[in-house]
Amino acid sequence: MEQRVQNEHLAGHLPTRLKGLDEALCGGIPFGVLTELVGPAGIGKTQFCLKLSLLASLPASYGGLDGRVIYIDVESKFSSRRMIEIGMKSFPEIFLKKGMAQEMGGRILVLHPTSLSEFTESLQQIKVSLLQHQVKLLVIDSMAALVSGEYEQGAPRQHALGWHVSFIKSLAEFSRIPIVVTNQVRSQSRDDACQYSFQVQRWDDTKEDRTRYDSHLVAALGVHWAHAVTIRLVLESKSGQRFIKVAKSPISPPLAFPFNITSSGMSLLSDGGFELTGPDINTIHCQGHNDIINFVGESLQ
């Protein structure tokens, strides 16, 4: 472990190849901590995870981590066809070489736990293999889906994940790799206004037009989980335009970047971003957003 820390590539970050976001995060997705992607269905979370998986498995000569990836696909959204498409469009010099697409795909191990107990078993097995097999990225897509069918919203769900939260954090610290976890959204409740110390606001001040308020969502899994993640990236849609927000980071102010999903994955429309204040930091908008991502006249299921 000491040698691995000393020899961390790229100063301990996995670059996303999204210039503005990488600059905000001082290099990309950090090693050794949890990074969370939050957003409504179809907004682009899995697309982002697929691109990160490719970047982690790329040879070091192309700016990758030259390692293996463990992808825990809870909702069966992983698409090898889509990943190859992203690779062909983003890195044609690699993927057009004979056999390279198969070799890159072979570096990504996809697991499909169907219950919380299976997920628990997977985590325990993963800890053993992280260092032995040169795993450079762990993706869990999605965390909330693991318990959505077993518990109702609220305290039981949060408590059910208590051990998992601690274990995943320890995995990140132990292995010194980036761990990316996706999370779903839920409707904002009356109590949410005072849950977070960084979101101080009176409930009376949040009363707005009901139609507008209904489009506001918050991250699922509760406060305990929110404090466990070091980086929270929120994906949302306002008036049909998608944004990725740095909602929580120890090194970056809250920033938002407009983006599109293209055949090569996520693409920022502006590298500058704009700073956020107040409730806009953590409130998740879902206005004018379609559940299925479309680009170049095609749809992704």
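**Reading the model**

A: Start with confidence. The protein chain has an average pLDDT of 81, and 78% of its residues score at least 70. pLDDT is the predictor's confidence in each residue, from 0 to 100. This is a predicted model, so local features need pLDDT of at least 70, side-chain atom pairs count only at pLDDT 80 or more, and totals for chains, interfaces and linings use all residues. Residues are numbered from 1 along each chain as its sequence is written, and side-chain values use heavy atoms, with hydrogens and water left out.

Q: Over which residues is the pLDDT below 50, and how many contacts does the model have there?

A: A contact means heavy atoms within 4.5 Å. Residues 151-156 have a pLDDT below 50, and this stretch has six contacts beyond near neighbours in sequence. Residues 291-301 also stay under 50, with 25 contacts beyond four places in sequence.

Q: How many helices and strands are there in the protein chain?

A: Helices (H or I, at least four residues) and strands (E, at least two) are DSSP runs, numbered from the N terminus. The protein chain has 12 helices and 17 strands. Look at contact range too. Of the contacts between residues at least 6 apart in sequence, 72% join residues at least 24 apart.

Q: What percentage of the residues count as buried?

A: Buried means under 20% relative accessible area, exposed over 50%, and partly exposed in between (1.4 Å probe, protein chains only). In this protein chain of 301 residues, 54% count as buried.

Q: How many residues are in the largest nonpolar core, and which have the most contacts inside it?

A: In soluble globular proteins, nonpolar side chains tend to be buried together. A nonpolar core is a set of buried Ala, Val, Leu, Ile, Met, Phe, Trp, Tyr and Cys residues joined through side-chain atoms within 4.5 Å. The largest one here has 44 residues, and L14, L21, F48, L233 and I244 have the most contacts inside it. Helix α3 (residues 45-57) gives the most to this core: seven residues. Another core, of 31 residues, lies apart from it, and includes I70, I140, V165 and L171.

Q: Which residues does L21 touch?

A: Leave out residues up to four places away in sequence. L21 then touches T16, F48, L233, I244, V246, F257 and L268.

Q: How many aromatic pairs does a search of the whole structure find?

A: A pair of aromatic rings is described by the distance of the centres and the angle of the planes. Rings of Phe, Tyr and Trp (its six-membered ring) pair if their centres lie within 6.5 Å; planes under 30 degrees apart count as stacked, over 60 as edge-to-face and the rest as tilted. The search finds three pairs. One of them is W163 with F167: the centres are 4.8 Å apart and the planes at 20°, so this pair is stacked. Both residues sit in helix α10 (residues 162-175), four residues apart, so about one helical turn separates them. W163 is partly exposed because its relative accessibility is 39%. F167 is buried, at 14%.

F243 and F274 form an edge-to-face pair, with centres 5.9 Å apart and 85° between the planes. This pair links distant parts of the chain: F243 is in strand β11 (residues 241-248), and F274 is in strand β14 (residues 274-275), 31 residues away. F243 counts as buried at 15% relative accessibility, while F274 counts as partly exposed at 40%.

Q: Which residue lies over the face of F174?

A: A charge sits over a ring if NZ of Lys or CZ of Arg is within 6 Å of the ring centre and within 35 degrees of the ring normal. K127 lies over the face of F174, at 5.5 Å from the ring centre.

Q: Which side chain makes a polar contact with the side chain of R82?

A: A polar contact is a pair of N or O atoms within 3.5 Å; within protein, one must be able to donate a hydrogen and the other to accept it, and residues adjacent in sequence count only if both atoms are side-chain atoms. The partner of R82 is E85, at 3.1 Å. E85 lies in helix α4 (residues 80-90), and R82 lies in helix α4 as well. R82 is buried because its relative accessibility is 2%. E85 is buried at 19%.

Q: Is T114 buried or exposed?

A: T114 is exposed because its relative accessible area is 66%. Its place is in the loop between β5 (108-111) and α7 (116-132). The T114 side chain makes a polar contact with the side chain of E118 (2.9 Å).
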